[in-house]
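Subject: Structure for you to look at

Hello,

Here is the structure I said I would pass on. My notes on what I found in it follow below.

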Amino acid sequence: MGHFKRNLITTALPYANGPVHIGHLAGVYVPADIYVRYLRAKGEEVAFIGGSDEHGVPITIKAQKEGVTPQDIVDRYHNLIKKSFEEFGISFDIYSRTSSKTHHELSSAFFKKLYEEGKFIEKTSLQFYDEKAGQFLADRYIIGKCPICGNERAYGDQCEACGTSLNATDLINPVSAITGNTPELKETKHWYLPLDQYEDWLKKWILEDHKEWKSNVYGQCKSWLDNGLQARAVTRDLDWGVPVPVEGAEGKVLYVWFDAPIGYISATKDLTPDWEKYWKDKDTRMIHFIGKDNIVFHCIIFPAMLKAEGSYILPDNVPANEFLNLEGDKISTSRNWAVWLHEYLRDFEGKQDVLRYVLTANAPETKDNDFTWKDFQTRNNSELVAIYGNFINRALVLTHKYFEGVVPERGELTDYDREVMAEIPQIIEKVEKNLDNFHFREALKECMGLARLGNKYLADTEPWKLIKTDESRVKTILNICIQIAADLSALSEPFMPFSAAKLRGFLNIAPVAWESMGVDVVPAGHRIQEAGLLFDKIEDEEIQKQIDKLLATKKANELASVKVTPAKENISFEDFQKMDIRVGKIVAAEKVAKTKKLLKLTIDTGIDTRTVVSGIAEYYTPEEIIGRQVSILVNLEPKNLKGIESQGMILMAANADGALSFVSPDKEIKPGSEIR
């Protein structure tokens, strides 16, 4: 890494059609921010680039559903995402957007250069067209039955039920998501990047020159290259995006996978007029932080684009993570199965570092991992509070108690003191080595090892027992503890920047330079501030609220997925006329003894006052339904229920979960009025 003059760090651009969730954070933004903060602490030059991906079909679909423009959608979510990242401490140098003027101009120029140099091929193909809507349909605008699992609402590019990648023509009984009509296949012309022409170069560049890449990244690239690359369209028929800047391309835009990575370049251009040194100087090291679903785009397609253009550098590493699941289930925006960052920041105010810590400690670096609220609570209470926070609090409290908050002089060292102090640079070295190799989980574990070391040192030396007999020894112990605390403020800063700043406030010190760790950075005689709690315990009630929220989401999803019962066989109008349904009013109600479900109702039917036994006790109390108007079948043959003669049936609507609701007039109607 030392032979590069500067670092260009990019993060995958989140779609501006929804908020950011913990899957995004664990896969991309937390590890990227840790790495950037580490580089800055070491004095490296860094440009940290982020931004919103504001083109593509998911945005236009959401806009149509809400009856607003795509610009309305991207404005709303870009601002929400940007604010969330800022509050969470993701330290971008710029957070840009692909709807910007700079991006449109740069993307157009990039395409036109390749077009004029003959780097594309033109192809005419058959694509689904919606005659009623008057437009070609992108993959996500086509819905049909999955040929693999039978899911009736698979998209033209993927079935979200079984995860299979599809082509729109694979779907059984495809329909337009816009009008519901059956689309027809129609010819359309597009421009393609012939990836097969770059296959040999990519094989050498990746498989031979970058064997140090993570195994999941290297393996996925190898699989694609072994199967052979195909030409890939760089344009599509759509009215939202960067217009294709050539004649005869009216109604076409750059395909989002083509223009989105160019967003890294346009963001850098907005950041600094010297943007080309980051993108065209061989002394720049470029690293893409992404999730595993973006590996092919960043390791094969975008490099092929840069190679075709000719003047840009290529990524040196692409440390992609796997996926994070939530409570044993795949995170899904469409199913609202997620922990949303903006909601977390509201529900756990001031606890940004707790989430950063848990997501790093459980990062899906080599395989999919699972986030649970119980694990979140346990890691906070058993690790951050009981280890890190406990050491800091004890060291500072004892310094105030025994020496009025003034760091004492260090006296003669014991062998144990030297052993402990010798371990500090070893821990720092292990953290560095792991960060240099993108092993963030292990780096955090080693960082916490310094807090564990401090805790053990205090427990072993027991200054609270020595203070009465050997004050000089206590001075040495607490001096060493304060030095460990200062080192922790620097070593933990990339992982937990808010807590590191809070700790520096307790210690009353400026930021500690990375290279200064392991030596005495807090002089004797320095006055520290009053001790406070670095981390707060999270109670069961707070966690239960989050679990209940997820359970409610799961129930809502289950209800939404329940299929409506098919219609029964037709009956004659004469059969229907045999049913005498009237408006009635409940004038009395009571529970039926020794039953859970039954209520005994007295109903004024307008014809008479009669008794009806109804199985609604699990959903209504007797008190709340007295005076309520209902629909009652009055000519149903009487039936004995629990010794009570029931003279009719109340009509109820049954939800998918079995919950019952009255079928009632929407305004007061005279009892006895017929329902027909």
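Glutamate 462 is partly exposed because its relative accessible area is 27%, which lies between the 20% limit for buried and the 50% limit for exposed. Please keep in mind here and below that this is a predicted model. Glutamate 462 is found in the loop that links helix H14 (440-461) to helix H15 (463-466). Its phi is positive, at about 50 degrees, although the residue is not a glycine.

Asparagine 173 is another residue to look at for its backbone. Although not a glycine, asparagine 173 has a positive phi of about 55 degrees. Asparagine 173 sits in strand E8, and with a relative accessible area of 62% it is exposed.

Strand E8 belongs to an open sheet of three strands, ordered E7-E6-E8, with antiparallel pairing. The edges of that sheet are strand E7 (154-155) and strand E8 (172-176), each of which pairs on one side only. Between strand E6 (residues 142-145) and E8 there are three bridges, in the antiparallel sense.

Strand E17 (residues 581-591) runs antiparallel to strand E18 (residues 599-604), and six bridges join them. Isoleucine 586 has isoleucine 603 in E18 as its bridge partner.

Strand E13 is a case of parallel pairing. Strand E1 (residues 6-11) and E13 run parallel and are joined by six bridges. Arginine 6 is the bridge partner of threonine 284 in E13. Is strand E13 mostly covered or mostly open? Strand E13 (residues 284-289) is mostly covered, with six of its six residues buried. Thr284, Met286 and His288 point to one side of E13, while Arg285, Ile287 and Phe289 point to the other, and all are buried.

Now the helices. Helix H16 (residues 471-491) has 21 residues and spans 30 Å from its first C-alpha to its last, close to the 30 Å expected at 1.5 Å a residue. Of the 21 residues of H16, 18 are buried, so the helix is largely enclosed by the rest of the structure.

Helix H12 (residues 373-403) and helix H17 (residues 497-507) have axes that come within 11 Å and cross at roughly 10 degrees. Angles under 35 degrees count as roughly parallel, so H12 is roughly parallel to H17. The residues that meet are Tyr388, Ile392 and Leu396 from H12 and Leu503, Phe506 and Leu507 from H17. As background for reading such a set of residues, an α-helix has 3.6 residues a turn, so residues three or four places apart point the same way.

Arginine 356 lies in helix H11 (residues 352-361). How accessible is arginine 356? Its relative accessibility is 0%, so arginine 356 counts as buried. Leaving aside residues up to four places away in sequence, arginine 356 touches Val30, Asp33, Ile34, Arg37, Phe88, Gly89, Ile90, Pro494, Phe495 and Pro497. With which residue does the side chain of arginine 356 make a polar contact of 2.7 Å? The partner is the side chain of aspartate 33. A polar atom of the arginine 356 side chain also lies 3.2 Å from the backbone oxygen of proline 494. The C-alpha atoms of arginine 356 and methionine 496 are 6.7 Å apart, although 140 residues separate the two along the chain.

Threonine 553 is placed in helix H18 (residues 540-561). Its relative accessible area is 12%, and under 20% counts as buried, so threonine 553 is buried. Not counting residues up to four places away in sequence, threonine 553 touches Arg335, Asn336 and Trp337.

Regards

Conventions:
Residues numbered from 1 in each chain as written. Predicted model: local features only at pLDDT ≥ 70, side-chain atom pairs only at ≥ 80, totals over all residues. Heavy atoms only, no water. Helix = DSSP H or I, 4+ residues; strand = E, 2+ residues; numbered from the N terminus. Buried < 20%, exposed > 50% of the residue type's maximum accessible area, 1.4 Å probe, protein only. Contact = heavy atoms within 4.5 Å. Polar contact = N/O pair within 3.5 Å; in protein donor to acceptor, adjacent residues only side chain to side chain. Pairing = 2+ DSSP bridges. Expected span 1.5 Å × (residues − 1). Axes fitted to C-alpha atoms, helices over the stretch in contact; angles between N-to-C directions. Parallel < 35°, antiparallel > 145°, perpendicular 65-115°, else oblique.
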